[in-house]
Amino acid sequence: MPFIKIWVHLVWATKNRVPLLIKDMRQQVFKHIKENGMEKNIYVDFVNGHVDHVHCLISLNANRTIAKILQLLKGESSFWINKNNLCKQYFEWQDEYFAMSVSESGVDAVREYISKTRRHTMQRKHLRRRMMSLQGNMDLY
């Protein structure tokens, strides 16, 4: 039996980045993604996100591709959200995703980053609003 230990940081978003993962349901969805991964022999080490996206740290196994893992996690979770009426509207994930390998020495840093996803998102939005405000107050020649 082969020994494989390849860590991957995955990120995917709601369809059109619509902020559907509201606070009450977000933790349910993250818990479900982790449990569903376990049922499908996908090791989901850490999962978190914000209203419009999810971050997962997974470990690949010998017989699944990243694309297949995402198909299983995203497809089943959107089905589960809709089946349980967790959203007022039809829920979908975007087709696109981000995947990056993580070295063994970087796993703790990625866990820390994922744990602070909401804070990072809020800080970026605040900075973006502040920059737009400053640009609006500048007289450009």
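Leaving aside its neighbours within four places in sequence, which residues is Thr14 in contact with?

1. Thr14 is in contact with Leu21, Val51, Asp52, Phe91, Glu92, Trp93 and Gln94, once its neighbours within four places in sequence are set aside. Contact here means heavy atoms within 4.5 Å. You will find Thr14 in the loop between E1 and H1. With 0% relative accessibility, Thr14 counts as buried (buried is under 20% relative accessible area, exposed is over 50%, and partly exposed is in between, with a 1.4 Å probe and protein chains only).

2. A word on the background: this is a predicted model, in which local features need pLDDT of at least 70 and side-chain atom pairs count only at pLDDT 80 or more, while totals for chains, interfaces and linings use all residues. Residues are numbered from 1 along each chain as its sequence is written, and side-chain values use heavy atoms, with hydrogens and water left out.

3. Next, the nonpolar cores. A nonpolar core is a set of buried Ala, Val, Leu, Ile, Met, Phe, Trp, Tyr and Cys residues joined through side-chain atoms within 4.5 Å. The largest one has 25 residues, and Trp12, Val54 and Cys56 touch the most other members. Two or more residues each come from strand E1 (6-13), helix H1 (23-39), strand E2 (43-50), strand E3 (53-60) and helix H2 (66-83). H2 gives the most, with six residues. Helices (H or I, at least four residues) and strands (E, at least two) are DSSP runs, numbered from the N terminus. A second, separate core of six residues includes Trp7, Leu57, Val102 and Val107.

4. Now look at the aromatic rings. Rings of Phe, Tyr and Trp (its six-membered ring) pair if their centres lie within 6.5 Å; planes under 30 degrees apart are stacked, over 60 edge-to-face, and the rest tilted. There are three such aromatic pairs. Trp7 and Tyr43 have ring centres 6.1 Å apart and planes at 65 degrees, so this pair is edge-to-face. Trp7 lies in strand E1 and Tyr43 in strand E2, so the pair ties together parts 36 residues apart in sequence. Trp7 is buried, at 6% relative accessible area, whereas Tyr43 is partly exposed, at 45%.

5. Trp12 and Trp93 also form an edge-to-face pair, 5.8 Å centre to centre with 85 degrees between the planes. Trp12 is buried at 2% relative accessible area, and Trp93 is buried at 7%. Trp12, Phe91 and Trp93 form one aromatic cluster.
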